[in-house]
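Biologist: Could you take me through this model, beginning with the overall fold?

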Amino acid sequence: TVMWRMQIEIDNGKIRVQSANCPTNICVQTGWTNSPLKSIVCLPHNTIITIKPIGPIKNDNKIVDYVA
């Protein structure tokens, strides 16, 4: 069996996958996020990192409603 490892870093209101031993490292390449509009996904690790705001968010000065 494969032992999947993932290191997540949180800094100054942002989050990223710093390192992972998955085959493609797409989760690492995604980089930092602090936006509910940008999730970090790693299928081998069966992991989805999503920011959930407490209220409405703005994107390009427009209010965005969404369901997570």
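Modeller: Please note that this is a predicted model. Along the sequence, the protein chain runs in the order β-β-α-β-β-β-β, which amounts to one helix and six strands.

Biologist: What percentage of the residues count as buried?

Modeller: Of the 68 residues in the protein chain, 21% count as buried. The accessible surface of the chain is about 5,300 Å², and carbon and sulfur atoms account for 50% of that surface.

Biologist: And contacts between residues at least 24 apart, what share do they make up?

Modeller: They make up 17% of the contacts in the protein chain between residues at least 6 apart in sequence.

Biologist: Let us turn to His-45. Where is its place?

Modeller: His-45 sits in the loop between E3 and strand E4, the latter covering residues 47–49.

Biologist: Is His-45 buried or exposed, and why?

Modeller: His-45 is buried, because its relative accessible area is 14%, below the 20% limit for that class.

Biologist: Which residues is it in contact with, leaving aside neighbours within four places in sequence?

Modeller: His-45 is then in contact with Trp-4, Arg-5, Met-6, Ala-20, Asn-21 and Cys-22. As for Arg-5, its backbone oxygen is 2.9 Å from a polar atom of the His-45 side chain.

Biologist: A change of topic: which residues form a nonpolar patch on the surface?

Modeller: Val-41, Leu-43 and Ile-48 form one, with about 330 Å² of accessible area together. Val-41 belongs to strand E3, residues 40–42.

Biologist: Why does Val-41 count as partly exposed?

Modeller: Val-41 has a relative accessible area of 35%, so it falls between the 20% and 50% limits.

Note on methods: Residues numbered from 1 in each chain as written. Predicted model: local features only at pLDDT ≥ 70, side-chain atom pairs only at ≥ 80, totals over all residues. Heavy atoms only, no water. Patch = residues over 30% accessible without salt bridge, like charges linked within 9 Å, V, L, I, M, F, W, Y side chains within 5 Å. Areas by Shrake-Rupley, 256 points an atom, 1.4 Å probe, with all protein chains shown as cover. Salt bridge = Lys/Arg side-chain N within 4 Å of Asp/Glu carboxyl O. Helix = DSSP H or I, 4+ residues; strand = E, 2+ residues; numbered from the N terminus. Buried < 20%, exposed > 50% of the residue type's maximum accessible area, 1.4 Å probe, protein only. Polar contact = N/O pair within 3.5 Å; in protein donor to acceptor, adjacent residues only side chain to side chain. Contact = heavy atoms within 4.5 Å.
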